[in-house]
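User: I've got this one open and want a quick tour. Can you walk me through it, starting with how you use your terms?

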Amino acid sequence: MSNPTHVATAPGAALDTLTSVIPFSSRLRTGRALAVDVWSIFNALNLPPDCINLGQGYMNFAPPNWVKKGVENAINNVASNHYSHPKGTPRLRKAISAHYSPGFNRTLDPDSEILVSSGANEGQYATFVAFLEQGDEVIMFEPFFDQYLPSVTFNGGVPVYVPMHPPPPDSVSPTSNDWTLDFEELRRAITPKTKMIIVNTPHNPVGKVFTRAELESISKLAQEFNLLVMADEVYDCMVFGEKEHVRIATLPGMWERTITVGSAGKSFAATGWRVGWLVGPPTLLTPTLAANTRIVFCSNTPMQEAAATGLEQANERGFFEQQLKEYQERRDVFCSYLDKLGLQYTLPEGTYFVLLDISKVDIPDNYNFPASLNGRGRDFRAAWFIAEQIGVSSIPTSEFYCEEHGKIGERFARFAFCKDLDTLHKAGERLQKLKQYQKK
């Protein structure tokens, strides 16, 4: 009999070791894959039953009825209950082309410049499969969406972290625009092994909408060093006020080196449908299609048809304009309670996330924390304390940083305001109890 594989997991993991008679792939030792992640720690089952969940970014309301009707119609159609083409259903690809072509300043070819994926995350994974060789470096701006990390390392990539710099603790009324990149720092991070830069705008968790000037600086480096850009733009329909959402693929010289990622889940409050899409030139989408076909073959056909319904009717119904107003109202309602609370927060110019500075939350020294927080940053303890004692859950932001830069993230907790107004009012009122725990 072979010797069992004995693997230590990361600090804070519930499983200190994992023993298997059958050795598993070494790739699982990378990208924090064996660690208990933040989503498991701050799962609703681990928190008080009446805790209001503003941690995970899923909505507590349904997609519009007319979009849901698209699901019913699809299920009642025989063909829509079977495999679609690996590229996606023709109807959805045509709907994506019609909806997105104006924003890309070009007519998107549904057959060669659009690829449907099983959620945006799977489309990103297929991109990494298609383009990464062992040892290729991928630049991520911190804080980063945590799924990027294992998706890169599982495919032989090496993450290279470039942190955005947050506003100082004493700054007054900062916005997400005050989180900045040092472009000399970015240049120094590029090596002969660099293959790709991930650009997430609007940005999770900061809410930053990268400016045209910032994207132009990134694009110049991408062209100088011949880099692929993966533009994660799943929150493109959530840009507030007068802020402009610029697609990096539309900048000079960038179309041929950019894959743009979109999401039906974010667009139509249907995150469980797992329908996303990639937009890019045939030279990039053809190899990505080859990878995507071997990963999932095709995506959920009825949900693709429902997403097509949404895109086809969105403009005539004024859907995205109305949805944006509703999200801005949710943001403003929740942030009004943060104003009363008196702790600094970053006003997001995009997405449905707010970062609250929790560095001044005074946690009792003798508070009993679970073992799952051992080895984690102070923000994990603060977020757990707030969830248990105040009754509102959030996500500690150090999870979205490498170990070297984790202290930057320990200042913040991420709250999601993709909830109905009644829930946000209740959460905001509860958070006022934090005043008694603020450091003087």
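Analyst: Buried means under 20% relative accessible area, exposed means over 50%, and partly exposed is in between (1.4 Å probe, protein chains only). This is a predicted model: local features need pLDDT of at least 70, side-chain atom pairs count only at pLDDT 80 or more, and totals for chains, interfaces and linings use all residues. Residues are numbered from 1 along each chain as its sequence is written, and side-chain values use heavy atoms, with hydrogens and water left out.

User: Is Glu-113 buried or exposed?

Analyst: Glu-113 has 10% relative accessibility, so it counts as buried.

User: Where is Glu-113 in the fold?

Analyst: In the loop between helix H3 (90-104) and strand E4 (114-117). Helices (H or I, at least four residues) and strands (E, at least two) are DSSP runs, numbered from the N terminus.

User: And what does Glu-113 touch?

Analyst: Leaving out residues up to four places away in sequence, its contacts include Thr-107, Trp-255, Val-279, Pro-281 and Leu-285. Contact means heavy atoms within 4.5 Å. Glu-113 and Pro-281 are 168 residues apart in sequence, but their C-alpha atoms are 5.3 Å apart.

User: Which sheet holds E4?

Analyst: An open sheet of seven strands, in the order E4-E10-E9-E8-E7-E5-E6, with mixed pairing. Two strands pair if DSSP finds at least two bridges between them. E4 and strand E6 (158-163) are at the edges with a single partner strand each, so one side of each has no neighbour in the sheet. Neighbouring strands here are turned by 25 degrees against each other on average, direction ignored.

User: How does E4 pair with E10?

Analyst: E4 and strand E10 (residues 276-279) are antiparallel, over four bridges. Ile-114 stands opposite Val-279 in E10. Helix H9 (residues 282-295) packs on this sheet, touching E4, strand E8 (228-232), strand E9 (258-263) and E10. The direction of H9 makes about 25 degrees with that of E4. For such angles, axes are lines fitted to C-alpha atoms, for helices over the stretch in contact, and angles run from 0 to 180 degrees between N-to-C directions.

User: Now the other sheet. What's its strand order?

Analyst: E11-E12-E15-E14, an open sheet of four strands with antiparallel pairing. Strand E11 (345-346) and E14 are the edge strands, and each pairs on one side only.

User: How many bridges does E15 make with E12 and with E14?

Analyst: Five bridges join strand E12 (residues 353-357) to E15. Two join strand E14 (residues 395-396) to E15. Arg-414 is the bridge partner of Leu-355, and Ile-395 also stands opposite Arg-414. Pro-396 has Ala-413 as its bridge partner.

User: How buried is E15?

Analyst: Five of the five residues of strand E15 (residues 412-416) are buried, so the strand is largely enclosed by the rest of the structure. Phe-412, Arg-414 and Ala-416 are buried on one side, and Ala-413 and Phe-415 on the other.

User: How many salt bridges in total?

Analyst: The count is 16. One of them joins Arg-91 and Glu-305 (3.6 Å, N to O). Arg-91 is in helix H3 and Glu-305 in helix H10, 214 residues apart. Arg-91 is partly exposed at 32%, while Glu-305 is buried at 12%. Arg-91, Glu-305 and Glu-312 are linked in a network of salt bridges.

User: Last one. Which residues touch the most other members of the largest nonpolar core?

Analyst: Val-275, Phe-334, Tyr-352 and Leu-431, in a core of 102 residues. A nonpolar core is a set of buried Ala, Val, Leu, Ile, Met, Phe, Trp, Tyr and Cys residues joined through side-chain atoms within 4.5 Å. Helix H11 (residues 319-341) gives the most to this core, nine residues.

Notes:
A salt bridge is a side-chain nitrogen of Lys or Arg within 4 Å of a carboxyl oxygen of Asp or Glu.
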